[in-house]
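Here's a quick walk through the fold you're looking at. Have the sequence and the 3D view open as you read.

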Amino acid sequence: MATKTSRASKAPAYKCAECGWTTAKWVGRCGECQAWGTVEETGTAVARTTAATTVAEPARRIADVDATTAAFLPTGVDELDRVLGGGLVPGAVILLAGEPGVGKSTLLLDVAAKFARTAQDVLYVTGEESAAQVKLRAERIDAVAESLYLSAETDLGQALGQVEKIEPRLLIVDSVQTLSSADVDGSAGGVSQVREVAASIIAAAKRRNMTTLLVGHVTKDGSIAGPRLLEHLVDVVCQFEGERHSRLRLLRAVKNRYGPTDDVGCFDLNENGIEGLADPSGLFVSRTKDPVSGTCITVTMEGRRPLLAEVQSLLAESPNSQPRRATSGLDSSRVSMLLAVLQQRAGTMLHKDDSYVATVGGVKLSEPATDLAVALAVASAKARKPLPIRLIAFGEVGLAGEVRPVPGINQRIQEAHRLGFTHAVVPASHTGPGPVPAGFSVREVEHLTEALSLLIG
């Protein structure tokens with residue numbers, strides 16, 4: 001077969017230290033990751049024209065491709081399977097990122113043990129702990145399995161050697177920033193090292209049809225440490241989130257080649273390990289026998305999943321000319337806006353009161369649909385009159401005091417009914433609330449004053 005002769009040309013080259021983007025001339029800002037001051041000269045770049053070679057495997061029609069080899073394999077952790085779209089895909093590479101202490105290693109060790117109990121070999125490579133330390137944690141969370149292998153390695157070559165020897169169906173690397181290659185300059189965690197480690201592990205995973213889970217560190221601003229190229233190379237990118245002082249952990253898929261990215265997994269991190277929460281709403285709703293003023297239950301959507309949460313408000317006469325506005329679990333700017341709307345559009349005078357607004361259980365509510373619940377909780381605290389029992393409220397409140405429709409009205413109502421609530425205050429919409437369960441009362445409102453007059457008088 002005739003081939004084309006390769007041509008080579010040399011020119012000064014500049015490379016971004018953050019993402020590896022290259023250019024023929026120096027620029028102040030990287031054209032890939034948009035970072036400033038990261039483009040440095042690396043010497044000369046060699047550009048070659050690739051010669052055509054003999055095709056080893058001819059292209060096939062898509063209808064003739066056998067997809068059974070890429071069928072989902074359940075992990076044994078239902079919440080993880082939910083986020084991934086059904087389970088682990090053979091040959092897929094999944095990147096799990098999160099802040100230190102959020103529970104990444106605990107979750108993956110639990111996944112490794114449950115997967116190994118299905119008679120599948122699993123290799124857990126740790127570069128941050130010794131094998132004995134991992135064993136202690138495995139005993140505490142009941143994650144000891146016969147087919148689970150541990151390897152404490154920081155050298156990429158040694159880790160790949162373990163893969164060659166054990167031939168696992170599932171490989172877990174904790175973390176990708178701790179491994180380094182002797183063939184690449186730089187320390188572990190550097191841009192060049194992370195790129196080389198990720199590329200080598202991904203190549204091994206695709207060649208062996210081996211599912212791989214990589215743990216990734218995050219920077220101060222919450223982004224994944226290392227080159228941006230890392231997120232492009234892997235098949236799935238998941239973020240593991242949670243407050244340090246809260247038991248709740250949320251798993252989200254930022255990128256998923258095999259399933260949706262609008263679902264969320266809920267976990268409870270406790271002294272016995274980490275457990276999936278099929279119904280986490282109980283963590284965010286207080287349990288009191290008698291109704292208390294200043295509280296309101298709402299339904300928020302985490303991806304496609306409705307979750308009940310409670311908003312609490314406390315007002316106290318301020319001794320200062322400028323009242324204090326404190327929030328926890330809510331956007332302080334949005335709460336301040338709602339306080340202004342309550343005063344100007346609904347006549348609830350709050351300019352002399354210190355206001356404290358918080359959520360129960362440490363959950364963070366950022367969805368605009370929680371506006372109505374916040375406003376009702378504050379108005380209830382001002383009137384010192386509790387809202388009706390078994391009532392929920394949701395809806396976005398505008399600056400004019402109007403209550404705007406939000407997505408998933410019927411889904412929120414169904415979830416509230418399932419958990420024993422009987423009344424709902426929802427925004428009016430041209431489509432209506434949809435099918436309402438028997439015995440459940442729905443009141444549609446167009447303005448904040450309607451909700452206040454209906455509930456508080």
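Strand β15 (residues 325-328) and β16 run parallel, joined by 4 bridges. Strands here are DSSP runs of E with at least two residues, and helices are runs of H or I with at least four, numbered from the N terminus; two strands count as paired if DSSP finds at least two bridges between them. This is a predicted model, where local features need pLDDT of at least 70, side-chain atom pairs count only at pLDDT 80 or more, and totals for chains, interfaces and linings use all residues. Residues are numbered from 1 along each chain as its sequence is written, and side-chain values use heavy atoms, leaving out hydrogens and water.

Strand β16 has another partner too: strand β14 (residues 305-317) runs antiparallel to β16, with 7 bridges. Here are the pairings, each with one facing pair of residues.

| Strand pair | Sense | Bridges | Facing residues |
|---|---|---|---|
| β15 and β16 | parallel | 4 bridges | Ala326 and Tyr356 |
| β5 and β6 | parallel | 5 bridges | Tyr124 and Leu150 |

How many residues of strand β16 are buried? For β16 (residues 353-359) it's 5 of the 7, so the strand is largely enclosed by the rest of the structure. "Buried" means under 20% relative accessible area, with exposed over 50% and partly exposed in between (1.4 Å probe, protein chains only).

Together, β15, α7 and β16 make a left-handed β-α-β unit. A crossover would be right-handed if, with the strands pointing away from you, the path from the first strand over the helix to the second ran clockwise. The 15 residues of helix α7 (residues 332-346) should span 21 Å, and the end C-alpha atoms are 20 Å apart, which agrees; the expected span is 1.5 Å times one less than the number of residues. Buried residues of α7 include Val335, Leu338 and Gln343. Just after α7, Gly347 takes a positive phi of about 75°.

Now for the open sheet. Its 9 strands go in the order β6-β5-β7-β8-β4-β9-β10-β11-β12, with mixed pairing. The edges are β6 (148-152) and β12 (273-276), each pairing on one side only.

Finally, the cysteines. There are 0 disulfides, a disulfide being a pair of cysteine sulfur atoms within 2.5 Å. For Cys238, the closest cysteine sulfur is in Cys266, 14 Å away, which is too far for a bond. Cys238 is buried at 2% relative accessible area, and Cys296 is buried at 3%.
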